[in-house]
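Here is a short note for a colleague opening this entry for the first time. Please keep the structure in view while reading the points.

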Amino acid sequence: FPLEALHGSILVAEPIGGFFFLVGVYFLLFDKRFFSFLGGIFLGIAYLAKEIYLLTLPLLLFYLWYRKRKIVSLHFFFFLGFLLVFLGELLYFHSATGDFFYRQEAVQRFSTLFTPDQTTIFKEVLFKYLKLTLNPLNFQVGLFFYLFYGAIIFIIFKRMKQAYPVLIFTLFFLLYLNFGSTHLTSYTPLPRAIR
């Protein structure tokens, strides 16, 4: 994504989380139990850098199932590696604050300071999304959306079925980053200022 290039020279969560996520996926592709376990650990570290990587766990487990057409031990070892890091974080926050879910509550409190209302989000989806993403004056993302939408159209018209899983995976993240919620029980859109 374009913001990865913009944030590549400063110490923020995006390049750190992205690096550990990609290392985790790389280890997952070895199809070996130990590497799958390490992949889960690296995904857990990516989650520690940025919460959104928690959403990749079910997608990556689904991808494993898609490749193997059944649940295999790699699923278990990958999940176990992630769970080790996740439980470590919960135990740390419980010992430091007395609350297992301190991080989630802190993110929720912070997010409410910048969150737009649901009507604004709905209007953006219906009327402004394509205009905002295809605005040639948006220097932060450059040509990314032009190329991205072009790739989607090309993949669909050429019926490149081998690219469908990657396309679905990418679309999921793009939609979540633009319209996702910071809360699991109610719709609280991601803060605009942070995006």
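1. Start with the contacts. In this predicted model, 57% of the chain's contacts with a separation of 6 or more are between residues 24 or more positions apart.

2. Next, the overall make-up. The chain holds 9 helices and 0 strands. Its pattern along the sequence reads α-α-α-α-α-α-α-α-α.

3. Burial and surface come next. The chain has 195 residues, and 32% of them count as buried. Its accessible surface is about 12600 Å². Carbon and sulfur atoms account for 73% of that surface.

4. Now look at helix α4, residues 56-68. It has 13 residues. From first C-alpha to last it reaches 18 Å, close to the 18 Å expected at 1.5 Å a residue.

5. Which residues of α4 are buried? They are T56, L57, L60 and L64. These residues lie on the same side of α4, because they cover an arc of only 105 degrees around the axis. P58 and F62, on the other side of α4, are exposed.

6. Check what comes after α4. R69 follows the helix, and its phi is positive, near 65 degrees.

7. Finally, R103. This residue sits in helix α6, residues 102-111. Is R103 buried or exposed? Its relative accessible area is 10%, so R103 is buried; the cut-off is under 20%.

8. The surroundings of R103 deserve a look. A polar atom of its side chain lies 3.1 Å from the backbone oxygen of L48. Leaving out residues up to four places away in sequence, R103 touches Y47, L48, A49, K50, E51, E89 and F93.

Notes. Residues are numbered from 1 along each chain as its sequence is written. This is a predicted model: local features need pLDDT of at least 70, side-chain atom pairs count only at pLDDT 80 or more; totals for chains, interfaces and linings use all residues. Side-chain values use heavy atoms; hydrogens and water are left out. Helices (H or I, at least four residues) and strands (E, at least two) are DSSP runs, numbered from the N terminus. Buried means under 20% relative accessible area, exposed over 50%, partly exposed in between (1.4 Å probe, protein chains only). A polar contact is a pair of N or O atoms within 3.5 Å; within protein, one must be able to donate a hydrogen and the other to accept it, and residues adjacent in sequence count only if both atoms are side-chain atoms. Contact means heavy atoms within 4.5 Å. The expected span of a helix is 1.5 Å times one less than its number of residues. The arc is that of the directions from the helix axis to the C-beta atoms. Accessible areas come from the Shrake-Rupley method with a 1.4 Å probe; for residues, only the protein chains shown count as cover.
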